[in-house]
There are 2 protein chains.
Amino acid sequence: MVRAGLTPHLLTRAGAELADEVGFDQVTVSELARRFDVKVASLYSHVRNSQDLKTRIALFALEELADRAADALAGRAGKDALVAFANVYRDYGREHPGRAAAARLRLDPETAAASAGVRHAQMTRAILRGYDLTEPDATHAVRLLGSVFHGYAGLETAGGFSHSAPDSEETWVRILDALDALLRNWPTEPTTP
Amino acid sequence: MVRAGLTPHLLTRAGAELADEVGFDQVTVSELARRFDVKVASLYSHVRNSQDLKTRIALFALEELADRAADALAGRAGKDALVAFANVYRDYGREHPGRAAAARLRLDPETAAASAGVRHAQMTRAILRGYDLTEPDATHAVRLLGSVFHGYAGLETAGGFSHSAPDSEETWVRILDALDALLRNWPTEPTTP
DNA sequence: GTATTTACCTAAAGTCTTTAGGCAAATACA
DNA sequence: TGTATTTGCCTAAAGACTTTAGGTAAATAC
């Protein structure tokens, strides 16, 4: 009996690929076992259960995304950094829709706190150093940017903007222009309607 | 044998409640049958399959949300309208997390085109009449607002902002201030970094 | 070279989905 | 009002995924 050489990490990687092919919520322990030509029960030595597998894929995607973002930020500042950072999210979502969906998985607080999601927030904060924001406005802005990237990716893969003018690419560029303008001119005092 | 009096709409409503209780992706035909004290197979006369049920719940949530938004917009304009509209999304997500998740379900293009999602976009566009935006900027702005509401709701229910200062409520208010400022001062020409 | 650990296996029970075909209640209609 | 049709819910059954328990052989330790 030749062993397959499974490891949690190997299963996670394969799960991420599977997610990109069939969609994150179609990822199943059974299908993974099939791909490794191994019986289903065997995977349960490496992964606690189906939920655990999905969480691992999510964490993997967050790491991968944070690595790419860190790369993109190197040597950039200001709008240049903002655009590069934002494009990482967008490109990742297009290139790896399943992993991107995984990165949006709801994690329980401790898991989230130990995830690369923290690095994402730190990098977003770093970008804001190119703008004149003090606390708590910086935090508000971090959350706004997170929402936009998250939300845009979700709507785009949900087909929200496809097949309608203007084209999604143009909107993306203009949204980044708008966010840059907003960050340069962040309203510190609530405006009265 | 007393009949249960099932209808697609009844099942959809019950499914929406179930989603709020256990989470949208835990909604199952079996559990629904159990709640109506009816055999599982019976539901298949009213609903094509599990996916169909979920789609119906999503469409129901979109309608409900659009109705609330329309109500909130009545008699309001400018920032007042923007805030009221945004709060509808936020409150809905807090009150009905399962339905809100359903409203984010990926629908196929035709279904989406026939859904209340169209009304949402129209209402967003109506809000922008309170600001000085011409096409294609209005469309870009509609998409930005959609992304922010979508994304913020997702991050908030994912626990992204909980247990950290400043409080999510404050961020929400300040983000709306920021969006209002942005819409009043939308950059028509790409800025150079 | 034996002992222990580890990787994968078989077996089995539980859940959910979905289809096929049947009987009885509701409804239509003479 | 009595018969005919439709419709709603049922039983039965097959297929897929999850998960646990306990076994055997391969890898590793010493």
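Q: In this predicted model, which elements each supply at least two residues of the surface near DNA strand D?
A: In the predicted model, 21 residues surround DNA strand D, and the closest include A:Arg34 and B:Ser42. By type, the residues of this surface divide into 9 nonpolar, 8 polar and 4 charged. The largest share, 3 residues, comes from α2(A). The elements that each supply at least two residues are α2 (29-35) and α3 (40-43) of chain A, together with α3 (40-43) of chain B.

Q: How many Å separate a phosphate oxygen of DNA strand D from an N or O atom in the side chain of A:Arg34?
A: Sugar and phosphate account for 65% of the atoms of DNA strand D that come within 4 Å of the protein. For the side chain of A:Arg34, the distance is 2.5 Å.

Q: What area is buried between chain A and chain B?
A: In the pairing of the two chains, 43 residues of chain A are in contact with 43 residues of chain B. Carbon and sulfur atoms give 63% of the buried area, which is about 3400 Å².

Q: Which element gives the largest share of the side of chain A that touches chain B?
A: Across the interface the rule finds 2 salt bridges, and the side chains of A:Arg174 and B:Asp137 meet in a salt bridge at 2.8 Å, N to O. On the side of chain A, two or more residues come from each of α5 (78-95), α9 (137-157) and α10 (168-184). The largest share, 13 residues, comes from α9(A).

Methods
Residues are numbered from 1 along each chain as its sequence is written. Chains are lettered from A and ligands numbered from 1 in the order in which they are written. This is a predicted model: local features need pLDDT of at least 70, side-chain atom pairs count only at pLDDT 80 or more; totals for chains, interfaces and linings use all residues. Side-chain values use heavy atoms; hydrogens and water are left out. A residue is near a molecule or strand if one of its heavy atoms lies within 4 Å of it. A polar contact is a pair of N or O atoms within 3.5 Å; within protein, one must be able to donate a hydrogen and the other to accept it, and residues adjacent in sequence count only if both atoms are side-chain atoms. Helices (H or I, at least four residues) and strands (E, at least two) are DSSP runs, numbered from the N terminus. Ala, Val, Leu, Ile, Met, Phe, Trp, Tyr, Cys and Pro count as nonpolar, Asp, Glu, Lys and Arg as charged, and the others, Gly among them, as polar. Contact means heavy atoms within 4.5 Å. Buried area is the accessible area (1.4 Å probe) that two parts lose on being put together, summed over both. A salt bridge is a side-chain nitrogen of Lys or Arg within 4 Å of a carboxyl oxygen of Asp or Glu.
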